[in-house]
Amino acid sequence: MKIIGIIVLCVGVIQGKPFINYTEESTCPGYDACHTVYSDRLNVHLVPHSHDDVGWLYTVDQYYYKRVQYTITTVVRSLLDNPEGRFIQVETAFFYSWWKEQSDETKAQVRQLINEGRLEISNGAWSMNDEADVHYQSTIDQFTLGLRFIEDVLGKCARPKGGWQIDPFGHSREHASLLAQMGMDSLFFARIDYRDRRKRHAEKTSDMLWRSSANLGTSSNIFTSVLYNHYSAPGGFCFDINCSDAPIVTDPDSSEYNWASVVKSFANYVNGQSTHYPTNNVLITMGDDFQWQNAEQYYINLDRLIEGFKKFKPTISDKEINIIYSTPSCYAKAVKDAVEANNIELNVKTDDFFPYADGINSVWSGYFTSRPTSKRLERFANNLHQISKQILALGQKPYNGDNLLSQAMGVMQHHDAITGTEKTMVERDYHKRIAKGMETAISDISTSLTSILGLEIDLNLKLCLLANVSICDESDKDEFTVLIYNPLARTTSHYIQIPVNDGTWKVTGPSGEEVENHLTNPIRNFSYISKITEDKILPKVLFFRAENLPALGYKVYRFEKVSSVSNSVREEAMAVDQMGFEDRYVDFDLDTGLLKSITINGVTLGVKQNMMFYNGSARMTGAYIFRPDTDYRDAIEFGDVQTSVLINDGNIVREVRQMWKDWVTQIIRIYKDEDFIEFDWAVGPVDISDHHGKELITRYSTNLEDTDGVFYTDSNGREIIDRQKDYRPTYRYTNEEPQAGNYYPVNSKILIKDETNEFAVLTDRSEGGSSLNSAEVELMLLRVATDDDSRGVGENLNEQEFAQGLVARGSHFVTLGRITEGNNGRTMAAVERDIAQRKLLQPWVFYTSEETPLEERSFLKKELPPNVHLLTLESWNATGGNTFLIRLEHILENDEDPNLSQEVTIDISDLFDTFTITSMKEFMLAANTPLEESNRFVWPQVVENESSSSPLHKKNRLARDESDLKITLAPMQIRTFVATVEFN
Ligand SMILES: [Zn+2]
């Protein structure tokens, strides 16, 4: 019946009159749009798709204009003619470009295809994000951006039912959890470790249930399927215009006739695949990278293939074959029905899929670090992105889906962008997008903040993007003013570094108070940059502590050079045995110059830290793969380190400078009031004059008790996953690559602990990390390869900048203490959560006009408690600023801290200073699906184990009145609301 209905509709389309007009109220077919499957047949789901990288070997726009536009256009036209056909559209960055160029008639036709389930949006995020190197905040943002666009132009029938992560190089548990929280029913991907794949094929466990959170209970379960043949069409059956496989010829009089034999061999193929999956359903991907540019050709052949099965009726083990056009979500539904009908118990997965190896000696753990400055730029831009969303909302600016920074950040999450696995010219394009986005953001922030404050003179906010290399026009003056904005919803203090000219400086705070400061030298001599760009390198760095920056607010500081007599501290090369303050300090080994111990949080722990490197194996180590040369397995030391210290460096921060080579340097900083030690490192250009690629690492060796190969890494900045050296929980690990095979992505934290103490390193970007020896932690900082690793990018990873090899600078915050008592009555886990947040969303230094009044201001009436994070504050109404998207997050896991890991209730009715929330409607995580409209799969084998009193429980959340502004959060819970507000 359904089919006949669709045929009638289709006739209407051919006549140019779409029957279904787009309205928000239209009923969506959901899974009813799937073609019929049969319990007594083998159901073959043909899934037409094109994998469209948002940049890789070509830029985003090059791919769009050279390829993707033809795919979407011809697929839509073909689908209109072919009611049986199906297609999934995945990357919204491309769909956005395409949509803008379409006529109203085409747009209506696309909506019709969506409303009938013939064109399905899968994933729907701006890009198909990487899963190793992304931070959850950016992942959520880029899904929100993509799905908001989809909802705006296509309506609710287009809401994706599943994730389609077919190309990312390994899979994070947190990503699966985020998809579940968005309301998705399923997740599909291709790349898992070759040993895992082999085992899953043998045991029919490639379809599984993933318990993707250790905190969120059954709501985090998601059906997960590993594709059989990568994401390509079966060999010999690629009917794409770019393939050379024979088309299907149905005319028996033709010398090219092959219909019967093609059907037979396809039946054999699906038979083979079906023996590896748990139900009578198999998913056959019909597509590949940038295919379907001439969709008609593909559909004609698939129509003939399907028709051939009806005609020749091949059977498999006496089972008839039901071959249909399908989609990933239809496959998931069919598996679920089969599981229920036959009481099949699906395999349950609880860890993640890192690192990924596609063969012996080919572990893709290099990309956890590749292009480290690109990875840092993304995290830096996220910091500004969050600030701009907050201030634009406060300034009552409407939601803007065309926001350049939001779009650039969405692109940057792509699995060839943040990963560093793209060609250099594509990386430049990504950076250009981010830079343009940041520039626009600054000007928007400036006008918004000026209007919020009702100032006569524009704040004229400016950035110094090159302050980390001592270039800043705004501070190259004798007087200047900065506005420091704190994006956290709680008060924070922050040590600020500003490049300045030499002299004696007076810093005045908001109440007219003088603020202690001192001048020191830049970490490096950056004159090589000015030789190329002619920018002036400022000779000194001014340090001061911005004390008690108000929650979601700012303080203004004035800088005045009061004398040209230098008050800079003197740097002297000397061996040093101890440096720091009374209760926090570091000790050094006088013989080697290396760190010996750290005293902080009331504990002294032996910590040796050294810069080292692996010699990369030529022709194997590259942008994706990390493979040290087998002749020198272990990391190699650089040798002695020279230290220098600052004399008379005052009371704010004390530092020791270390130099292994002139291209391997670091500053160890001990701050008077911080519960971490900073390791500010600058490495490169890597010396490859010996023709060996090199992977630079920093290694921290502690005197914790034997850690027995156990260490812990964060998953996309959220939950912590335990790692065991030389071991995988779900398959037998073979140790061909003892270093690379034990490397894991570190988005924000890696830690080790014994019975008593804990040692953690927090990063400012994603890096690869491991613990290869007991009580040790290492992180990879920079990689240079002398050859390509043959995984497609076709370029050696040997980054150049300013006419020389890349210099990367970054910072590790190291903290340690007793596990159960870190600082201020908190556990170390709670201390680390706090540091991670302050590192992610740092107070931002805006240079502003001299007239900006010296003052401070918070946009909150009260602070959020330390375990609650205002994850999102953003305008949500596209025409005016009376609705906001607000996400609140509990930032601790169960059992991390006896006090802070409790459920917490906050009343946000009286939270904000400039507006009052009148009601809040709860949504799923990506803010496209109202909570009450979410109807996720419930799997029979899953026991409903959430206590009904828990805030996680959907029933409780649905029972909440929209005017009830008391929100309860359980550990790791994020709650997403669209709030209606009135401005005060
Ligand atoms: Zn890809």
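1. Asp-895 is found in the loop between β43 (883-890) and β44 (904-907); helices (H or I, at least four residues) and strands (E, at least two) are DSSP runs, numbered from the N terminus. Asp-895 has a positive phi of about 65° although it is not a glycine. With a relative accessible area of 78%, Asp-895 is exposed. Here buried means under 20% relative accessible area, exposed over 50%, and partly exposed in between (1.4 Å probe, protein chains only).

2. A word on the basis. This is a predicted model: local features need pLDDT of at least 70, side-chain atom pairs count only at pLDDT 80 or more, and totals for chains, interfaces and linings use all residues. Residues are numbered from 1 along each chain as its sequence is written, and side-chain values use heavy atoms, with hydrogens and water left out.

3. Ala-775 also has a positive phi, about 65°, and is not a glycine. Its place is the loop between β35 (767-770) and β36 (776-784). Ala-775 is buried, at 3% relative accessible area. Thr-707 touches Ala-775, along with Ile-752, Lys-753 and Ser-774, not counting residues up to four places away in sequence; contact means heavy atoms within 4.5 Å. Thr-707 lies in the loop between β29 (694-702) and β30 (710-714). Thr-707 is buried too, at 5%.

4. Two cis peptide bonds deserve a look. One joins Phe-354 and Pro-355, with omega about -15°. Pro-355 lies in the loop between β11 (347-349) and α11 (372-394). Another runs from Gly-684 to Pro-685, with omega near -5°. Pro-685 sits in the loop between β28 (677-683) and β29.

5. Helix α3 (residues 92-100) meets helix α5 (residues 136-154): the axes come within 10 Å and cross at roughly 35°. Axes are lines fitted to C-alpha atoms, for helices over the stretch in contact, and angles run from 0 to 180 degrees between N-to-C directions. The crossing is left-handed, that is, the near helix is turned anticlockwise from the far one by less than a right angle (clockwise would be right-handed). From α3 come Thr-92, Phe-95, Tyr-96 and Trp-99; from α5 come Gly-146, Phe-149, Ile-150, Val-153 and Leu-154. By class the contact has seven nonpolar, two polar and no charged residues. Ala, Val, Leu, Ile, Met, Phe, Trp, Tyr, Cys and Pro count as nonpolar, Asp, Glu, Lys and Arg as charged, and the others, Gly among them, as polar.

6. Helix α2 (residues 60-81) packs on helix α4 (residues 104-115) at about 60°, axes 10 Å apart. This crossing is left-handed. Val-76, Leu-79 and Leu-80 of α2 meet Gln-109, Val-110 and Leu-113 of α4. The contact holds five nonpolar, one polar and no charged residues.

7. The whole structure has 61 aromatic pairs. Rings of Phe, Tyr and Trp (its six-membered ring) pair if their centres lie within 6.5 Å; planes under 30 degrees apart count as stacked, over 60 as edge-to-face and the rest as tilted. Phe-480 and Tyr-847 are tilted, because their centres are 6.0 Å apart and their planes at 50°. Phe-480 lies in strand β12 (residues 479-486) and Tyr-847 in strand β40 (residues 844-848), so the pair ties together parts 367 residues apart in sequence. Phe-480 is buried at 2%, and Tyr-847 is buried at 4%.

8. Lys-349 has its charged end over the ring of Phe-353, 4.0 Å from the centre. The rule is NZ of Lys or CZ of Arg within 6 Å of the ring centre and within 35 degrees of the ring normal.
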